[in-house]
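Subject: Structure handover

Hello,

I am passing on the structure we discussed, with notes on what was found in it. Please read the notes with the structure open.

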Amino acid sequence: QVQLVESGGGLVQAGGSLRLSCAASGMIFRLSAMAWYRQAPGKQRELVAHITSGGGTDYADSVKGRFTISRDNPKNTVYLQMNSLKAEDTAAYYCKSEFSHRNYWGQGTQVTVSS
């Protein structure tokens with residue numbers, strides 16, 4: 001049974017930083033691509049960052065230069081380092097795994113940036 005558990009969200013002032021973590025279990029983590037999405041109230045869920053099983057990364061234009069996705073395969077964990085946070089980064093952040101045409105989602109963690 002695949003489980004993805006996010007942590008690290010919270011309330012931070014604009015300009016601050018947070019690091020989100022997503023711990024995976026029940027899957028072959030090292031062979032899975034991983035991604036972070038976010039969803040603000042009244043908006044569609046959007047891709048924030050993606051990392052392939054080989055470590056290649058891609059980012060939404062809105063977070064390039066501020067966010068960094070990384071993975072630690074021995075720990076079965078993917079991270080999202082978020083710097084220079086803005087009020088518009090406020091959203092629920094979700095972790096997603098991608099392997100063999102199957103996608104799994106975590107329950108989400110809330111990030112609130114006060115201006």
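Two strands count as paired if DSSP finds at least two bridges between them. With that in mind, in this predicted model Arg71 has Val78 of strand E8 as its bridge partner. The next residue along, Asp72, is bridged to Thr77, again in E8. In total, strands E7 and E8 (residues 77-82) are joined by 6 bridges and run antiparallel.

On the overall fold: the protein has 0 helices and 11 strands. For its 115 residues, a compact globule would have a radius of gyration near 13 Å, and the protein agrees with this at 13 Å. Along the principal axes, the C-alpha atoms fill a box of roughly 40 × 25 × 25 Å. Of the 115 residues, 42% count as buried. Taking contacts between residues at least 6 apart in sequence, 53% join residues at least 24 apart.

Next, the interior. In soluble globular proteins, nonpolar side chains tend to be buried together. Here the largest nonpolar core has 27 residues, and Met34, Trp36, Val78, Leu80, Met82 and Tyr93 have the most contacts inside it. At least two residues of this core come from each of E3, strand E4 (33-39), strand E5 (46-51), E7, E8, E9 and strand E11 (109-114). E3 gives the largest share, 4 residues. Val78, listed above for its contacts in the core, is also the bridge partner of Arg71.

What does Met82 touch, leaving out residues up to four places away in sequence? Its contacts are Gly16, Ser17, Leu18, Leu20, Arg66, Phe67, Tyr93 and Val111. One of these, Tyr93, is listed with Met82 among the core residues with the most contacts.

Last, the disulfide. The count comes to 1: Cys22 is joined to Cys95, with an S to S distance of 2.1 Å. The pair links distant parts of the chain, since Cys22 lies in strand E3 (residues 18-25) and Cys95 in strand E9 (residues 91-99), 73 residues apart. The torsion about the S-S bond is about -80 degrees, so the disulfide is left-handed. Are its two ends buried or exposed? Cys22 has a relative accessibility of 0% and counts as buried; Cys95, with a relative accessible area of 0%, is buried as well.

Regards

Conventions. Residues numbered from 1 in each chain as written. Predicted model: local features only at pLDDT ≥ 70, side-chain atom pairs only at ≥ 80, totals over all residues. Heavy atoms only, no water. Disulfide = S-S within 2.5 Å. Buried < 20%, exposed > 50% of the residue type's maximum accessible area, 1.4 Å probe, protein only. Core = buried A, V, L, I, M, F, W, Y, C linked by side-chain atoms within 4.5 Å. Contact = heavy atoms within 4.5 Å. Rg over C-alpha atoms; globule rule 2.2 N^0.38 Å.
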